[in-house]
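Trainee: I have a structure open here and have not looked at one like it before. Can you take me through it?

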Amino acid sequence: MTYLTRNPIPASDLLAEVAAPQCGGTCLFLGTVRDAPADGGVTGIEYSAYEAMAVAEFDRILAEVRRRWPDARLAVRHRLGLVPTEEASIAIAAAAPHRAEAFEACRYVIEQVKKRLPIWKKELRADGTTLWVDPEGRPAVVGPEGTP
Amino acid sequence: MQVRFFARYAELAGCETTALAVAVPATVADVVAEVRRAIPGAAALPERLLAAVNMRHVKLDAPVGDGDEVAFLPPVAGG
């Protein structure tokens with residue numbers, strides 16, 4: 001699977017990848033770049049990665065999902081490069097025979113991504129300045145999917 | 001061994017990759033010490049660093065060998 005992309009992520013592609021007749025529940029998570037007017041406005045975020053390790057980490061996370069939820073089917077994409085406000089930086093689709101597994105598997109992937117994936121983001125502010133986002137150093141993180 | 005810096009750390013170090021000679025057996029902490037000695041900009045790196053060896057997260061006491069790739073990672077911000 002190609003986990004990393006520099007293009008907009010079509011959610012329908014991920015839904016098609018996980019669709020299967022035995023699945024009765026599908027969960028789709030999108031993390032989107034959000035504006036932060038209180039911080040002067042954010043027009044987009046530039047994502048960069050240790051790409052080979054990000055792929056290896058996604059492989060490991062999905063292997064963990066297969067062990068914990070053997071019937072779940074997963075598809076995931078993370079975007080790199082400039083992502084404008086409102087567009088998705090990450091998409092995760094999880095399908096399973098029942099909804100509980102789909103929700104749990106999907107939640108597991110995004111939480112592990114937040115902890116482990118070697119990806120960094122630089123905010124592009126409305127005034128033309130840029131700022132590396134440090135989720136540990138700045139409690140009021142500006143970025144996709146809310147607080148750290 | 002090959003040492004890599006990413007994102008803000010690459011800006012501070014002034015390079016994305018460099019080759020360093022560190023006497024083995026060594027740990028990641030030994031590599032950090034050599035990085036600080038050999039790369040002027042590395043003095044600005046924080047005291048506590050996240051590291052990966054051969055694309056796996058490790059602690060600073062993890063062993064490193066001659067052919068290993070050691071990466072220093074700013075706090076991750078994916079998702």
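Predicted model: local features only at pLDDT ≥ 70, side-chain atom pairs only at ≥ 80, totals over all residues.

Trainee: OK, how many helices and strands does chain A have?

Mentor: Chain A has three helices and eight strands. Both are DSSP runs numbered from the N terminus, with helices being H or I of at least four residues and strands E of at least two. The order from the N terminus is β-α-β-β-α-β-β-β-α-β-β.

Trainee: How many residues of α2 in chain A are there, and what does the helix span?

Mentor: Helix α2 of chain A covers residues 51–68, which is 18 residues, and reaches 26 Å from its first C-alpha to its last. That is close to the expected 26 Å at 1.5 Å a residue, where the expected span is 1.5 Å times one less than the number of residues.

Trainee: Which residues of α2(A) are buried?

Mentor: They are M53(A), A54(A), E57(A), F58(A), I61(A) and V65(A). Buried means 20 or more other C-beta atoms within 10 Å of the residue's own, exposed means 12 or fewer, and partly exposed is in between, with C-beta atoms placed from the backbone.

Trainee: Why are they on the same side of α2(A)?

Mentor: They cover an arc of only 140° around the axis, so they lie on the same side of α2(A). The arc is that of the directions from the helix axis to the C-beta atoms. On the other side of α2(A), the residues A52(A), D59(A), A63(A) and R67(A) are exposed.

Trainee: Switching to strands, what does β3 of chain A pair with?

Mentor: Strand β3(A), residues 42–49, pairs with β7(A), residues 119–125, in the antiparallel sense over seven bridges. Pairing requires that DSSP finds at least two bridges between the strands. In that pair, I45(A) stands opposite E123(A). Four bridges also join β3(A) to β5(A), residues 81–84, again antiparallel, and G44(A) stands opposite P84(A) there.

Trainee: And how many residues of chain B are in contact with chain A?

Mentor: 14 residues of chain B are in contact with 25 residues of chain A, contact meaning that C-beta atoms, placed from the backbone, lie within 7 Å. On the chain B side, α1 (7–13) and β7 (69–73) each supply at least two residues.

Methods. Residues numbered from 1 in each chain as written. Chains lettered and ligands numbered in written order. Contact = placed C-beta atoms within 7 Å.
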